[in-house]
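Me: I've just opened this one and I'd like to get my bearings. Can you take me through it, one question at a time?

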Amino acid sequence: MTCEGCEATVTNSLSAVPGVSNVKTDLAKNEITVEMSKHIATPTLQHALKKYPKYQLEEIAPSFDSPTNDVGKASWLVTYKPILLIFAYIISVTLLVEVRTGFNWMHWMSNFMGGFFLTFSFFKLLDLKGFAENYFSYDIVSKRWFGYGYIYPFIELALGLAYVISFDPLLTNSVTLLIMGISMIGVLKAVFSKRKIKCACLGIVFNLPMSTITIVEDSLMIVMSFISLLSLMS
């Protein structure tokens, strides 16, 4: 917002949304505070400004249900315990499979990626609407098309199944590299902006803050799919 006219436009447009009880604007900071009688998703509020595309809404300080989301108040280990346990389980199970059949790095990597996508898609699908609303706050594709947040968990599910059954490895790894590469852009922007954003990697079951561990998570899939592609083409 650059002037009082902008301020009035935003205030009036958002005030007209059903459920909005009050709108306070801060022209100097380019911030608004929306008070609601019921929860209203950010995409719904953004839709109210569709006639004014220059106004883009982003959540700058979403409230978290658990105090463990504040890394300053809880230890790193306590904060990221859920995701660390999930990785430990996937690694352990896939390594045991390889020990029984004869260890093969490429086969293990494929099973690990399958387990990763199946597990993470499961948590996202527990509350698909909640995930989509949260994903919208930082993903570059979802910001342009909100429906992508509803489709993304099913993409992960399909990739997980494809890795487990070894379906067309060249196609599967190519899609993974593309999808995770695009996802990484939004994650990097969110982390480097230093805004308090809730990570949607495990849906909304666990309240995890966006941080460098999310970058590591996406990077791991990108690196593994790239290595697999190089192996297939060599």
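Me: Which residue in β2 is the bridge partner of Val-23?

Reply: This is a predicted model, so every answer here describes a prediction. Strand β1 covers residues 20-26 and strand β2 covers residues 31-36, and the two pair in the antiparallel sense. Across that pairing, the bridge partner of Val-23 in β2 is Val-34.

Me: How many residues sit between β1 and β2 in the hairpin, and what is the phi of Asn-30?

Reply: The hairpin is made by β1 and β2, with four residues between them. Asn-30 is in that turn, and its phi is positive, at about 60 degrees.

Me: Okay, zooming out: how many helices and strands does the protein have?

Reply: Reading from the N terminus, the elements go α-β-β-α-α-α-α-α-α-α-α-β-β-α. Counted up, that is 10 helices and four strands.

Me: What does the C-alpha trace span, and what share of the residues is buried?

Reply: Along its principal axes, the C-alpha trace spans about 70 × 40 × 30 Å. The accessible surface comes to about 12,700 Å², and carbon and sulfur atoms account for 65% of that. Of the 234 residues, the buried share is 43%.

Me: Among contacts between residues at least 6 apart in sequence, what share joins residues at least 24 apart?

Reply: Here we look at contacts between residues at least 6 apart in sequence, and ask which of them join residues at least 24 apart. The share comes to 62%.

Me: Let's talk rings. How many aromatic pairs are there, and why is the pair of Phe-87 and Phe-112 tilted?

Reply: The count is 18 aromatic pairs. For Phe-87 and Phe-112, the ring centres are 6.1 Å apart and the planes make an angle of 35 degrees. Stacked needs planes under 30 degrees apart and edge-to-face needs over 60, so what remains for the angle between is tilted.

Me: Where in the chain do Phe-87 and Phe-112 lie, and are they buried or exposed?

Reply: Phe-87 belongs to helix α4 (residues 81-101) and Phe-112 to helix α5 (residues 105-125). With 25 residues separating them, the pair links distant parts of the chain. Both residues also belong to a cluster linked by ring pairs, whose other members include Trp-105, Trp-108 and Tyr-163. As for burial, Phe-87 and Phe-112 are both buried.

Me: What about Phe-131 and Tyr-135: why is that pair described the way it is?

Reply: Both residues lie in helix α6 (residues 128-135), four residues apart, about one turn of the helix. Phe-131 has 0% relative accessibility and counts as buried, and Tyr-135 is buried too, at 3%. Their ring centres are 4.9 Å apart with planes at 25 degrees, so the pair is stacked.

Me: Which residue has its charged end over the ring of Phe-136?

Reply: Look for a charged end sitting 5.4 Å from the centre of the Phe-136 ring. That charged end belongs to Lys-143.

Me: Which backbone atoms does the side chain of Gln-46 reach?

Reply: Gln-46 is in helix α2 (residues 42-47), and its relative accessible area of 14% makes it buried. Beyond its sequence neighbours up to four places away, Gln-46 touches Tyr-55, Gln-56 and Leu-57. A polar atom of the Gln-46 side chain lies 2.8 Å from the backbone oxygen of Tyr-55. At 2.7 Å, the side chain also reaches the backbone nitrogen of Leu-57.

Me: Last one: which residues is Ser-225 in contact with, leaving aside neighbours within four places in sequence?

Reply: Ser-225 has its place in helix α10 (residues 212-233), and is buried at 0% relative accessible area. Leaving aside neighbours within four places in sequence, its contacts are Met-113, Tyr-163, Asn-173, Thr-176 and Leu-177.

Technical notes:
Residues numbered from 1 in each chain as written. Predicted model: local features only at pLDDT ≥ 70, side-chain atom pairs only at ≥ 80, totals over all residues. Heavy atoms only, no water. Phe/Tyr/Trp six-rings, centres within 6.5 Å; stacked < 30°, edge-to-face > 60°. Buried < 20%, exposed > 50% of the residue type's maximum accessible area, 1.4 Å probe, protein only. Lys NZ or Arg CZ within 6 Å of the ring centre and 35° of its normal. Pairing = 2+ DSSP bridges. Contact = heavy atoms within 4.5 Å. Areas by Shrake-Rupley, 256 points an atom, 1.4 Å probe, with all protein chains shown as cover. Polar contact = N/O pair within 3.5 Å; in protein donor to acceptor, adjacent residues only side chain to side chain.
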